[in-house]
Amino acid sequence: MGPSSKLWGRWGCAFSVHMYLLGSKMKSRCVQQLLKGLKQLLVRGLCICVIMLCLTGPVFSTDWGAENSKYLLVTKKALEWIENESSMVFVDIRGKNKYDKVHIPDSIQVDPRFLAEKKFLKNKKVVIIYGGINIGQAVAVAKEATLKGFSSVHVLWGGLAAWKEAGKRIIGTGPIESEIYGISPLELHNALQQRTPLYVIDTRSSTEFDKCSIDGSINVQIFCTCGNLSQAFRDHLSKQIARVRKTHEYFPIVLLDRSGECKSAIQDLRRDKKLKQVFYLRGGMNAYQDFRKNMKKILAGKRQLGRIRAKQCP
């Protein structure tokens, strides 16, 4: 073998090694690009899932399966059935003051703590009426009454608001709109504690929302001017509510602002758009924060009182 042949052999060997290394690098780059693409796809998929969850899922979901659903009356047919039943009794579990201001004709007011003890109702077809978003309390009362031997106990899903929205008669001495659709910080707190299925839409600015907000709430920023909403904000808020209704027709929606300045605008929007089960928080987020602060003080006082009593024990 001549020198030229040896030279070509060396070049061929070097070229083969070079192509092998180049191929390895290309394979490595392809794998890296593939992994990078999969990572980006995964991140985007997770982001889409989170966004869809925020827009379509309840803020505080709970297991409202067969155990709870059997107590609920939710359809128009159920309302007609209620009206045609001669042995039906409407039992309003709201407080006496609220009942006096607005209630269903011929309904009776009963303290929910003592409903199960009312023997004259045991053989009646009882339909529990509640106020605001207190569906959790109403179902708990129905369960207790059933365990105590009541033959038929149901809860009208949506309570007093659902009855009014169905065009049924309501009587009272107080402002009906605010009594039915305004909820207090205590009512919202209880609903959250009971894991009631509901949506909370926070209409404050994004800065305020990021600083302090209710876990799981949705931020739909609107601006009220002298208690009024522009048409653009009305349409924007209506679209968000309609999006929620596509997946959960009966879940209550609670709107809250900074301090209640949008109350009249929300009421007008609900009437104009015929929105169902849309409530507003009295006093807005400021009132809810004050309520939480007071609750913490009360709990701290009780703990301190408990420690003092413990020291006095022999």
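Two strands pair if DSSP finds at least two bridges between them. I kept that rule beside me while I read this predicted model.

**Entry 1: the whole chain**

I began with the overall counts and found 12 helices and 12 strands in the protein chain. Of its 314 residues, 39% are buried. I then looked up the contacts with a separation of 6 or more, and residues 24 or more positions apart account for 72% of them. For the surface I noted that the chain exposes about 18800 Å², of which carbon and sulfur atoms supply 58%.

**Entry 2: strands 11 and 12, and the sheet around them**

I looked up strand 11 (residues 253-256) and strand 12 (residues 278-281), and these two pair in the parallel sense over three bridges. Which residue in strand 12 is the bridge partner of Leu 255? I found that Leu 255 has Tyr 280 as its partner there.

**Entry 3: strand 7**

Strand 7 covers residues 199-202, and I checked where its side chains go: Tyr 199 and Ile 201 point one way, Val 200 and Asp 202 point the other way, and all are buried. I recalled that in a regular strand the side chains alternate between the two faces of the sheet.

On one pairing, four bridges join strand 7 to strand 11, and the two run parallel; within this pairing, Asp 202 stands opposite Leu 256. Strand 7 also pairs with strand 8 (residues 218-219), again in the parallel sense, over two bridges, and there Ile 201 has Ile 218 as its bridge partner. To get from strand 7 to strand 8 the chain passes through helix 9 (residues 206-211), and I noted this β-α-β crossover as right-handed.

**Entry 4**

Strand 1 (residues 72-73) runs parallel to strand 5 and is joined to it by two bridges, with Leu 73 and Leu 156 as bridge partners. Strand 4 (residues 125-129) also runs parallel to strand 5, joined by four bridges, and here Ile 128 is the partner of Val 155. The chain crosses from strand 4 to strand 5 through helix 5, in a β-α-β crossover that is right-handed.

Which residues have the most contacts inside the largest nonpolar core? They are Ile 128 and Val 155, in a core of 71 residues. Helix 5 (residues 135-147) gives the most to this core, with six residues.

Leaving out residues up to four places away in sequence, I listed what Ile 128 touches, including Val 91, Leu 115, Ala 138, Val 141, Ala 142 and Val 155. Among these, Ala 138, Val 141 and Ala 142 are also buried residues of helix 5.

Finally, I checked the length of helix 5: at 1.5 Å a residue its 13 residues should span 18 Å, and its end C-alpha atoms are 19 Å apart, which agrees. Just after this helix, Gly 149 takes a positive phi of about 105°.

Definitions and conventions. Residues are numbered from 1 along each chain as its sequence is written. This is a predicted model: local features need pLDDT of at least 70, side-chain atom pairs count only at pLDDT 80 or more; totals for chains, interfaces and linings use all residues. Side-chain values use heavy atoms; hydrogens and water are left out. Buried means under 20% relative accessible area, exposed over 50%, partly exposed in between (1.4 Å probe, protein chains only). A crossover is right-handed if, with the strands pointing away from the viewer, the path from the first strand over the helix to the second runs clockwise. Contact means heavy atoms within 4.5 Å. Accessible areas come from the Shrake-Rupley method with a 1.4 Å probe; for residues, only the protein chains shown count as cover. A nonpolar core is a set of buried Ala, Val, Leu, Ile, Met, Phe, Trp, Tyr and Cys residues joined through side-chain atoms within 4.5 Å. The expected span of a helix is 1.5 Å times one less than its number of residues.
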